[in-house]
Amino acid sequence: MSNKFERLSDDIYIEVSPEHTFGTDALLLAYFAAPKNNDKALDMGTGCGIIPFLWLRNPAQSAVHCLDIQQNAFEQVQRSIERNKLQGRLIPHLCDLREVRSYFPAESFSLVSMNPPYKPVGTGIESKNDSAKIARHEICCNIEDAVKAAAYLLKFGGRFCMCHRPERLADAVCLMRQYSLEPKRLRFVVDKNGQEPFLFLIEGKKNSKPFLRVEPLLRIKKDNGRFTDEMLAVYGSYADGYDK
């Protein structure tokens, strides 16, 4: 697979590459986070930039920031910005989220998102590709690094949205509370009815009072294997023509 541009809407195309592409998890997180038009939003570990580009399909969305530690991801996002003439609406940063204090003032954002690496180092099959290793394994950051960075970056009442595997839910909840990002929304995702969740989506609010709402299960496919209506809403214009 060589680099190519994929259509997200009539106005937004994103460059994907063997090193930096996207999957369903990122689409679900972008949908779950649902920024308000006036949110000052940042996506951490952005890779190809899929989450901010999905948000920017909304022409009323205010400027979005994204960051990644990898030079090739940063340059790929820059090319997508140029392709879509989104200079000023998407601001990329080449930086390590573990050192955000050196790049951003405290309380700079009202929304921070991250689709983090899922696998601890030394578990699962590690890719020989360095970019894939960083994306999939906790080499450059773990859950605590992401939560700690978000807590620094968010304003009072700001939201941190993340997705992860269900076996890491306890870690995520405990760390969010430790850093004053009170878990407020939780949603599990299944592929089909009767299956165990393979993903959770969670939102924490900075310095908020305790109260966690568990939202209805998000089901990706109907029993016949076709996407559910909600999953088509997740895809939005990216799924244009699916039912034709």
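This is a predicted model: local features need pLDDT of at least 70, side-chain atom pairs count only at pLDDT 80 or more; totals for chains, interfaces and linings use all residues.
Begin by selecting helix α6, residues 169-178, and show the side chains of Leu169, Ala172, Leu175 and Met176, which are buried. These four residues lie on the same side of α6, because they cover an arc of only 140° around the axis. Now turn the view to the face of α6 directed away from that buried side, where the exposed residues Ala170, Cys174 and Gln178 are found.

Next, go to helix α3, residues 71-84, and pick out Asn84, a residue that is buried with a relative accessible area of 11%. A polar atom of the Asn84 side chain lies 2.7 Å from the backbone oxygen of Ser80. If neighbours within four places in sequence are set aside, the residues in contact with Asn84 are Asp11, Ile12, Tyr13 and Phe53, so displaying these alongside Asn84 shows its contacts from elsewhere in the sequence.

The last stops are in loops. Select Ala34, in the loop between α1 (24-33) and β3 (41-44), where phi has a positive value near 40° although the residue is not glycine; Ala34 is partly exposed, with a relative accessible area of 45%. Then move to Glu107, in the loop between β5 (90-94) and β6 (109-114), which is likewise a non-glycine residue with positive phi, here near 55°, and is partly exposed at a relative accessible area of 44%.

How values were computed
Residues are numbered from 1 along each chain as its sequence is written. Side-chain values use heavy atoms; hydrogens and water are left out. Buried means under 20% relative accessible area, exposed over 50%, partly exposed in between (1.4 Å probe, protein chains only). Helices (H or I, at least four residues) and strands (E, at least two) are DSSP runs, numbered from the N terminus. The arc is that of the directions from the helix axis to the C-beta atoms. A polar contact is a pair of N or O atoms within 3.5 Å; within protein, one must be able to donate a hydrogen and the other to accept it, and residues adjacent in sequence count only if both atoms are side-chain atoms. Contact means heavy atoms within 4.5 Å.
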